[in-house]
Amino acid sequence: MSKVWLIARRELGATLMSPLGFVVVASVLAIDGLLFNLWALGSTAKYSAEVLYDYFYVLSGTTMVASLFISMRLFAEEQQTGTISLILTSPVKDAQVVFGKFVGAFLFLALMTIITLYMPMLIMVHGKVSWGHVFSGYLGLLLLGGASLSIGTFASSMAKSQIVAIFIGATILVAMILLWLLGRNADPPLGKVVSYMALHNLHFRSFMEGKIHLRDVVFYLSVCTFFLVAATRMLESRRWR
Amino acid sequence: MIETKKLTKNFGRYRAVDNVSFKIEQGECVGLLGLNGAGKTTLLRMLTCLLAPTSGTAMVDGLDVAGSSLEVRSRMGFLPEVPPLYGEMLVGQFLSFVARLRGVASSSVPEHVKNALDRCQLNDVAQQRIDTLSYGYRKRVGIAQAIVHRPPIVVLDEPIAGLDPAQIVEMREMIRNLTGEHTVLLSSHILGEISQTCDRILVMHKGKIAAQGTEEQLLGNLANTQRLSVRIMGDRAKAESALKSADGVSILDVSQGHDGSLLVNVQSAKDVRARVAKAIVDSGLDLLELTQVKHDLEAVFLQLTIKSEENSE
């Protein structure tokens, strides 16, 4: 575990020190702020719960996009600069490398997400906020962000360049979001299965409403596990190429 | 310390390393010599567990690189051709990270880092960001990361590539100092470098070990052969046929000089200077110069690669 933490700390430090980290945080905060004003608050009178619902909807989009940008460099950058050989010749299991990098990226995403907490607090100026609703929404954002990061980590482990990594990651992410549309048009019971696998629609909605269902938590953790295991296999396969 | 048996690596249909077998004893400094594309890096990547062999075995400190990868990695330090460094880190901080990653106990990390900084003469830049260092310093940090956990075996891929003459001298000294504590395997395509740094040489050509031994042993292989450099004025075809007609002479290469003369390198089993001179003069060509070439490592290398190519044909 100490090696996972060691890799995670370095990854977090590298992202915090890199211009990309600042650009991602600044862009996400600016877009979140704008959409909070224009979309979530809007120009008509709303209940605070409705504002929060729309706010989490907006943040879910920016979180997914930010996750791809944060994770694209995890392996692809090391491949580009050749530092991957440092990690792969060290006595560390491939699974520890993947998990360590994921944890580092997740901590960065979590830090960025926590900074947005000032926006729900602003609602308190003119409205009444349920902290349970806020907690649920943020838990959902972290789970959705974690799942998106794991997709990005897998994409980065496949690619030799960051641009390719982000394209692969975006394709998988968009495909997984659109599964709800496919599920709607497919016959049951297949339609139900496909809908269940959609990344956002069914599973994030309850978090936006302030509800926490175990099935949604399990779903996001399963997505994380699946893609992190896939990234580990991809890393192992490098030795056989 | 390192032993390979029929080690082979294929990339699709291309065979990069072909049935390579060799043994390196503890404390030796061995140089892997070969032209670009000879398969040196692929061989080193297999030994350091970056690549799995297609067939054959490689044992490091008695452990199989395929079966006991983690244990092998903990016993090795590796410097690839491009040093694997995190530019945003400070030199000391980076070495501390690598030491921990390679399993050095937290309490011993500062001592290990200090030792690596001292041995690679990096104390002046210990608090400097790696991406602000010159290429020579980066190479030194690359060596430092390879030895910071004090592994019994250190593998260096082209450690002097890209360095200026002053840095080459420093690097040579640094590598020599490693040999007391570590078994060192380094690769290079520069003959002089290998001969000055290593105890023993493995010559690699087209994925195979073409020869191995000390510099003296390799030169000894040539003791029974003579090389002549002959400068001739006249027609190339005529010159070649004249030289071939001299008994026991084989032509190594022919090149054209600026003045239109031909420079021909020939080889023979015994002293054929008189015979070569006569053959040239008898065929009506002008003999401008005839020199006996002293054997050096370069000659060994050329001869081995030519031999290896002839065998493969």
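A polar contact is a pair of N or O atoms within 3.5 Å, and within protein one of the two must be able to donate a hydrogen and the other to accept it.

**View 1. Polar contacts across the interface of chain A and chain B.** In this predicted model, nine residue pairs are found in polar contact across the interface of chain A and chain B, with both residues of each pair at pLDDT 80 or more. The elements of chain A that give two or more residues to the side touching chain B are α1 (2-17), α4 (73-81) and α5 (84-88), and α1(A) supplies the largest share of that side, namely six residues. Sorted by class, the side of chain A that touches chain B holds ten nonpolar, six polar and seven charged residues.

**View 2. The extent of the contact between chain A and chain B.** Chain A brings 23 residues to the contact, while chain B brings 28 residues. The area buried between chain A and chain B is about 2,300 Å², and carbon and sulfur atoms give 66% of it.

**View 3. The salt bridge between A:Arg10 and B:Glu88.** One salt bridge is found across the interface of chain A and chain B, and in it the side chain of A:Arg10 meets that of B:Glu88 at 2.7 Å, taken from N to O.

**View 4. Helix α3 of chain A.** Helix α3 of chain A covers residues 48-71, and because its 24 residues at 1.5 Å a residue should span 34 Å, the 33 Å between its end C-alpha atoms agrees with that expectation. This helix, α3(A), is mostly covered, with 17 of its 24 residues buried.

Definitions and conventions
Residues are numbered from 1 along each chain as its sequence is written. Chains are lettered from A and ligands numbered from 1 in the order in which they are written. This is a predicted model: local features need pLDDT of at least 70, side-chain atom pairs count only at pLDDT 80 or more; totals for chains, interfaces and linings use all residues. Side-chain values use heavy atoms; hydrogens and water are left out. Contact means heavy atoms within 4.5 Å. Buried area is the accessible area (1.4 Å probe) that two parts lose on being put together, summed over both. A salt bridge is a side-chain nitrogen of Lys or Arg within 4 Å of a carboxyl oxygen of Asp or Glu. A polar contact is a pair of N or O atoms within 3.5 Å; within protein, one must be able to donate a hydrogen and the other to accept it, and residues adjacent in sequence count only if both atoms are side-chain atoms. Helices (H or I, at least four residues) and strands (E, at least two) are DSSP runs, numbered from the N terminus. Ala, Val, Leu, Ile, Met, Phe, Trp, Tyr, Cys and Pro count as nonpolar, Asp, Glu, Lys and Arg as charged, and the others, Gly among them, as polar. The expected span of a helix is 1.5 Å times one less than its number of residues. Buried means under 20% relative accessible area, exposed over 50%, partly exposed in between (1.4 Å probe, protein chains only).
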